[in-house]
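Me: I have a chain open here and want to go through it piece by piece. Can you take some questions?

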Amino acid sequence: MFWRFGFHTASPIDGLLDKEGLTLDDLFEEEELLQECKSHNTKLIDFLCKPEILSQLLLFITTEIQDDNKKFKFPFLASEILSCEVFKICDAVVANTALLTTFWTFLDTPRLNPLVATYFTKVNSVFLQKKTADMVSFIQSQPNVVQKLLTHISTSAIADLLLKLITVEELPEGAGIVDWLSKEGLIPLLVAQLDPALDIETHNTAAQTILDIIAVSYQSINPQEQMSGLADSALNMPLGGNKLVEELKSYEIQTQLVNYMLQKNDTKSSTTLINGINIIIELIRRYCSDIEQAEYLHHQFQMTLQQQPHLQGLPPPSPEKLVLLATDLNDLLRVLSVRLVDFADLLTKPKDIPLLSNNSQPLLGNERLKTCELFAEVLHLQYLYTSSPLFERLIGSIEDGKFAPDGANQIAINPNSILNRPITTVAEELVSVTQKFVNANVMPICLNLFFNFPWNNFLHSVVYDMVAKVFNTYSFTATVSITREPDAAVPRGAWIVDERMRQAKEGVKQLVLATFVDGQLTSRITDAQRLNDYEVEQPKGVRLGYMGHLTYISDEVVKLIEKCSSDFGDDLKSFTQVEEWQEYVSGILRETKERDRQPLGGVRPHGGQQMPMHPGMGLGNAPFAVDEADGGFRPLSAGETRNDDDMGEPRGEVYVSEGDVASDQFARYLSQQIVNDVPDRFLPGEGSDDDDDKEWIGEFTSKDIGFENFGIVDIPPSITGSDVVISRDEQMDTVDTSDLIKDIERVSVTSTISNNSTQAWADFSKFTDSYEIDLPPADEVTLPTEK
């Protein structure tokens, strides 16, 4: 760096700073201002750190400038100077509380300029990064600051600033910011922004902010942290690691959110519904992720005990963690259960799609698609929870904790702890939701939408997922042994597990019957197949858009009947034993599945006439003919041509085509036999010094190889030349394995084995013995054929 030794050219700014009465306006006219600031020009930074200059910089950002020449330039330069991460400038601003207070009065503006709000967020984000503790203290000291931020939540830059403030919780200096935001009512105020009376932009920004809060709040603890003991401290935090998300999942907040979503007689309630469904789906998916993480820890712990019991591996999920998982989503599911009929009504009477006056089919609409996605996510949760290997521990932990006798080793529930919640479990709420699914005819209505909109693959994928999850859930519950009954000698936590599984099985069974009986699934599948066949037969006809997913659904039906037909008795025989369905399964469905199993693009084509090959025969391009004496094959004599009409029909031998496929296979076979042992000979081993007096190949000539019995037309010179003597010292310099492989391939392609294959194999073994290759006896050799 030449400027350290005085060899750099003096900056014009240095001369400008020496002038008396220098103003910030004059400084902003210099093109190298930002570069000099980022280069930590000492004189420039000292000038910028003056209180009056800092005040003017902040005013340039928040105050509208009337001069058109300065209107955009000055706010940009001021924000770049303050956010260039010069510690001395950040320290000077944050230390001056009066300057910051004036700067934050920008939030009192009724309507923010989006560009200015971006500069405001950018500068404050740098201050939070460089001076975290001081900035957090300052923000917490401002009155109604959270309310002011949420007033402008429709401005994306302010939403980003709020999210930046939440992420500060990860830093040691910012610990406690989430608790403070929770006390300030951040979540209720954010949910209030989804009021249908507000504008659509506010709905979208508020919902995206809530989704971002969920994302940053679910900070999983990696296995290294768990091994180091940091996971124990995480147990003192709510599931998901954030009180804001815990508050979002509460009964009161979910009730308020669902009321907004289902509010009618408002043109803007559609966006509230869609954004609310996105929030609920995200909460369910994060909960499923917690379940899977606990299953992983449980599996790793069990594997460690089985394989290395003396080692301390990953700890299993703690009882506190299991209690959290058993009760975490109960409030949300309870609210959905209460209002599920209203959600189902949206499938037939959507708010965003008015019914057409001519009774024609209306559009599907985003509301109905999102509602189906919500139902699919609930069914996915039911399958994951019911089939979880932790199901017994999840139910047993909460039940034993509630009803263990005095003095027993039970879970203590602190009134101030996050475990102090209503005594209902996720399993109980899922049973209730399943029953509401049956009462509201959710599955038949979704199947109606599936067949009424044959070109909406988004809907087809969702409905298929619903059907698959319902059938798979019942298939699993049908395999579970449910034998324990209430007994004084049996702990409540033991028999209550079977009771919950029995309830889940009965609920899902009713859902399966509703799918077949009310939804007429099998008959609608066959009707759809006939309709598709008719459409294909029309001029320029194409398959209907749902046919691919219909095959998947049919396959799920077949698997369910194969596993659980005895459980349903005569309830499903009228749907699955009818002739039309049986013909579809054994005919079209079977053909479709077999076609789908074929390799994409087919197999390699065979060229020319196919020819039989006796075991032990060589493969090559040499001509041959049918021997009339014994019906076998013989090489063509000089000038003789082959009559393909004499080939006859195949007689059960191994067949290969006349093209280069068989030759390539035989060449690869011989090459592989040679190469298998080549590395051990070409690479010197640890004891190679003791074998220096031994020859690798030794002396050999063409007569030693015996190629004359193979009918070689053109023997490679590299093999038939003068005597070759290769010592171990010359191996690494003169021997090339690629040449050796090429020679063998030429031999296999241009040779024709005589009828006496055993003798030919013995002659060929002389050649392979020279290379120390172990070949099996001739009667044990099976040559590769093209499949």
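Me: Take helix α22, residues 330-348. What should its 19 residues span at 1.5 Å a residue, and how far apart are its end C-alpha atoms?
Reply: This is a predicted model, to start with. At 1.5 Å a residue, α22 should span 27 Å, and its end C-alpha atoms are 28 Å apart, which agrees.

Me: Where does α22 bend, and by how much?
Reply: The bend is at Arg 339 and comes to about 60°.

Me: OK, zoom out. How many helices and strands does the chain have?
Reply: There are 39 helices and four strands. The chain has 787 residues, and buried ones make up 45% of them.

Me: What share of the contacts with a separation of 6 or more comes from residues 24 or more positions apart?
Reply: Such pairs account for 74% of those contacts.

Me: Next, the largest nonpolar core. How many residues has it, and which have the most contacts inside it?
Reply: That core has 179 residues, and Leu 48 and Tyr 385 have the most contacts inside it.

Me: Which helix gives the most to this core?
Reply: α20 does, with eleven residues. As a general point, nonpolar side chains in soluble globular proteins tend to be buried together.

Me: What does Tyr 385 touch, leaving out residues up to four places away in sequence?
Reply: Its partners are Tyr 287, Ile 291, Leu 325, Ala 326, Phe 391, Leu 394, Ile 395, Val 426, Ala 427 and Leu 430.

Me: Back to α20. How do its axis and that of α19 cross?
Reply: The axes of α19 (residues 251-261) and α20 (residues 269-307) cross at roughly 145° and come within 8 Å. On the α19 side the contact is made by Gln 254, Leu 257, Val 258, Tyr 260 and Met 261. On the α20 side, the residues in contact include Ser 269, Leu 273, Gly 276 and Ile 280.

Me: And how many nonpolar, polar and charged residues are in that contact?
Reply: Nine nonpolar, four polar and no charged residues.

Me: Now some single residues. Is Lys 469 buried or exposed?
Reply: Lys 469 counts as buried because its relative accessibility is 13%, under the 20% cut-off. Lys 469 is in helix α27, residues 457-479. Setting aside neighbours within four places in sequence, Lys 469 is in contact with Leu 379, His 380 and Tyr 383.

Me: What about His 549, where does it lie?
Reply: His 549 is in helix α30, residues 547-568. With a relative accessible area of 17%, His 549 is buried.

Me: Which residues is His 549 in contact with, apart from neighbours within four places in sequence?
Reply: Phe 450, Asn 457, His 460, Ser 461 and Tyr 464.

Me: Last topic, backbone. What is the phi of His 40?
Reply: His 40 has a positive phi of about 60°, although it is not a glycine. Most residues other than glycine have a negative phi. His 40 sits in the loop between α3 (33-38) and α4 (42-48), and at 47% relative accessibility it counts as partly exposed.

Me: What is the phi of Lys 540, and where is that residue?
Reply: Phi of Lys 540 is near 60°, a positive value. Lys 540 is in the loop between α29 (521-537) and α30.

Me: Is Lys 540 buried or exposed?
Reply: Exposed, with a relative accessible area of 84%.

Terms used
Residues are numbered from 1 along each chain as its sequence is written. This is a predicted model: local features need pLDDT of at least 70, side-chain atom pairs count only at pLDDT 80 or more; totals for chains, interfaces and linings use all residues. Side-chain values use heavy atoms; hydrogens and water are left out. Axes are lines fitted to C-alpha atoms, for helices over the stretch in contact, and angles run from 0 to 180 degrees between N-to-C directions. Helices (H or I, at least four residues) and strands (E, at least two) are DSSP runs, numbered from the N terminus. Contact means heavy atoms within 4.5 Å. Ala, Val, Leu, Ile, Met, Phe, Trp, Tyr, Cys and Pro count as nonpolar, Asp, Glu, Lys and Arg as charged, and the others, Gly among them, as polar. The expected span of a helix is 1.5 Å times one less than its number of residues. The bend at a residue is the angle between axes fitted to the seven residues ending there and the seven starting there. A nonpolar core is a set of buried Ala, Val, Leu, Ile, Met, Phe, Trp, Tyr and Cys residues joined through side-chain atoms within 4.5 Å. Buried means under 20% relative accessible area, exposed over 50%, partly exposed in between (1.4 Å probe, protein chains only).
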